[in-house]
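Dear colleague,

I am handing over the structure below, and after it I set out what was found. Please read the notes with the coordinates open.

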Amino acid sequence: MANVLPAERRLEVLAALVNGTSIRAASRMTGVHQDTIGRFGQATGEGCARLHDRLVRDLTCSLVDLDEMHGWWRKRQNKVDAA
């Protein structure tokens, strides 16, 4: 049998990661090793991507909001040399 974190511990780790806590800080808070948190985070992200790909289909988008992309692009353009 694989060594699996209990459900309560997984929820603690996931809550810490969702709230923006770093892996190192989440490790200190929950007592779970950093490598374990990294693997758990990756597996959770891959599962979320599969769920999203399965549920979000055939959308007709008339408006796409790219505010974040625009903000990043403008900051990047400030550093571009005119030459």
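**How H1 meets H3**

In this predicted model, Arg10, Val13, Leu14 and Leu17 of H1 are in contact with Ile37, Phe40, Gly41 and Thr44 of H3, where contact means heavy atoms within 4.5 Å and helices are DSSP runs of H or I with at least four residues, strands being runs of E with at least two, numbered from the N terminus. The residues of this contact divide into five nonpolar, two polar and one charged; Ala, Val, Leu, Ile, Met, Phe, Trp, Tyr, Cys and Pro count as nonpolar, Asp, Glu, Lys and Arg as charged, and the others, Gly among them, as polar.

Helix H1 (residues 7-18) and helix H3 (residues 34-55) pack at an angle of about 80°, with their axes 11 Å apart, the axes being lines fitted to C-alpha atoms over the stretch in contact and the angles running from 0 to 180 degrees between N-to-C directions. The two helices, H1 and H3, are therefore roughly perpendicular, a label given to angles of 65 to 115 degrees, whereas those under 35 count as roughly parallel, those over 145 as roughly antiparallel and the rest as oblique.

Residues are numbered from 1 along each chain as its sequence is written. Local features need pLDDT of at least 70 and side-chain atom pairs count only at pLDDT 80 or more, while totals for chains, interfaces and linings use all residues, and side-chain values use heavy atoms, with hydrogens and water left out.

The largest nonpolar core has six residues, namely Val13, Ala16, Ala26, Val32, Ile37 and Phe40, a core being a set of buried Ala, Val, Leu, Ile, Met, Phe, Trp, Tyr and Cys residues joined through side-chain atoms within 4.5 Å. Buried means under 20% relative accessible area, exposed over 50% and partly exposed in between, with a 1.4 Å probe and protein chains only. H1 and H3 are the elements that give two or more residues to this core. Leaving aside residues up to four places away in sequence, Val13 touches Thr30, Val32, Ile37 and Phe40.

In helix H2 (residues 23-30), Ala25, Ala26, Ser27 and Thr30 are buried, and what covers the buried residues of H2 includes H1 and H3. Just after H2, Gly31 takes a positive phi of about 80°.

**Remaining points**

The protein chain holds four helices and zero strands, and 11% of its 83 residues count as buried. Asp58, in the loop between H3 and helix H4 (67-78), has a positive phi near 50° although this residue is not glycine, and Asp58 counts as exposed at 79% relative accessibility. Cys48 is partly exposed at 48% relative accessibility, whereas Cys61 is exposed, with a relative accessible area of 54%.

Best regards
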